[in-house]
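Here is a short report on one protein chain. Keep the sequence and the 3D view open as you read.

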Amino acid sequence: MEHFAQLLHLSPAMAWMVVKLIIAFAAPLVLAAVLTWVERRGAAMIQDRIGPNRAAILGRWRLLGLVQLAADGIKFFLKEDLVTRDANKTLFWLAPFMAFVPAMMGFAVIPFGRSFVENGTAYHLSLLDPGNGMGMLYPMAIGSVAVYGILTASWSSNNKWSILGGMRSSAQMVSYEIGMSVAVLAIFMTTGGYDPHQIIAAQDSVLHWNVVRHFFGFLVFFTCMFAETNRLPFDFAEGESEIVAGFHTEYGSMKFALLQLSEYVHIVVASSLIVTLYFGGWQVPFVKDPAVLLSVLSFAGKVVFFCWVFIWIRWTLPRFRFDQLMFLGWKVMLPLSLANLLVHAYFMHRWG
């Protein structure tokens, strides 16, 4: 690290911060780009859709559906960027950024590998070091802000279908974030802290992973993540069979691409949260104190798996009705998360 810092004419601490900054922002973006291809390819294979499984260069080279992805990218760049006459143009332009920036910031506190010591200096593989005072409260809070991007996009479009999509998304967020927060609160309570490094350290073996100790909490959190990311079976913000395309009905070209990219970044961050909270983070099953590279690969493998689960479920399950969504959020998820919290509180009070 010192040699690398000398090349950049920076102190080792500053050089390490630059490296972490690049990884923390580039990794979700690269994985989100890959997910767009995985989603198109997976949808084509599951539902036999024409496009990614048939598009080919000169009708011969299909390249695993990458041709369709390139065609989509070129279309986004070349498509005319329309803004409707009665839209609030300032907010209409700002909304995609309001959805994208919070999604990118959520990854900042998540450790993507084991910390290591070199020449007496501790290096942590998370953008923000442990003990920053925010811990896992930060991604929970910043994730909630993303709904303002959707709400702003819908309101500024001045389209009734967009407004319906935005209002649906807001109601969905409120309904599911309470249950999700209570489920995470149980982990904070049993761990004795809310720092992600502390939560991962407490899951030092497979039997100590929180998915074992907080199974019902995991079910609540996992379900709520689909609502948070607006994915099927909870994609009521866009629901194309009911409200055209919901909050992004009036969007096209690169602004639409940015809204779509923010959704995939949300999936990456949501998968990272699931892995950190319930599946040991960077811990490697049956390997104590893994090498740094192995711990990074372990974290990446788990995140990629859950990203695939998000895509798999989208193209497998049908969309719920909105009343079913509300019923599930208030009468199933919230009581289940409260019961999970109270049971763990009772066991801690009784046996410590």
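In which helix does leucine 66 lie? Leucine 66 belongs to helix H3, residues 66-78. Helices here are DSSP runs of H or I with at least four residues, strands are runs of E with at least two, and both are numbered from the N terminus.

This is a predicted model, where local features need pLDDT of at least 70, side-chain atom pairs count only at pLDDT 80 or more, and totals for chains, interfaces and linings use all residues. Residues are numbered from 1 along each chain as its sequence is written, and side-chain values use heavy atoms, with hydrogens and water left out.

Leucine 66 is partly exposed, at 43% relative accessible area. Buried means under 20%, exposed means over 50%, and partly exposed is in between (1.4 Å probe, protein chains only).

## Segments from the record

An unreviewed UniProt entry lists several stretches as "transmembrane region", including residues 13-38 and 264-285. Such annotations may be inferred rather than shown by experiment, and the positions follow the numbering used here, with feature names shortened.

In the model, residues 13-38 are 100% helix and 0% strand, with end C-alpha atoms 37 Å apart. Residues 264-285 are 68% helix and 0% strand, and their end C-alpha atoms are 27 Å apart.

## Helix H11

Helix H11 covers residues 253-278, which is 26 residues. The expected span is 1.5 Å times one less than the number of residues. For H11 that gives 38 Å, and the end C-alpha atoms are 38 Å apart, so the two agree.

H11 is mostly covered, with 24 of its 26 residues buried. Glycine 280 follows H11 and has a positive phi, near 75°.

## Aromatic rings

How many aromatic pairs does the structure hold? The count is 18. Rings of Phe, Tyr and Trp (its six-membered ring) pair if their centres lie within 6.5 Å; planes under 30 degrees apart are stacked, over 60 edge-to-face, and the rest tilted.

Tryptophan 209 and phenylalanine 279 have ring centres 6.0 Å apart and planes at 70°, so this pair is edge-to-face. Tryptophan 209 sits in the loop between H7 and H8, and phenylalanine 279 in the loop between H11 and H12, so the pair ties together parts 70 residues apart in sequence. Tryptophan 209 is buried at 10% relative accessibility. Phenylalanine 279 is buried too, at 17%. Both belong to one aromatic cluster, whose members include Phe218, Tyr278 and Phe310.

## Salt bridges

A salt bridge is a side-chain nitrogen of Lys or Arg within 4 Å of a carboxyl oxygen of Asp or Glu. By this rule there are 4.

One joins aspartate 129 to lysine 20, with the closest N and O atoms 3.0 Å apart. Aspartate 129 is in the loop between strand E2 and helix H5, while lysine 20 is in helix H2, so the bridge ties together parts 109 residues apart in sequence. Aspartate 129 is partly exposed at 37%, whereas lysine 20 is buried at 2%.

Another joins glutamate 39 to arginine 314, at 3.2 Å between the closest N and O atoms. Glutamate 39 lies in H2 and arginine 314 in H12, 275 residues apart. Glutamate 39 is buried at 1%, and arginine 314 is buried at 16%.
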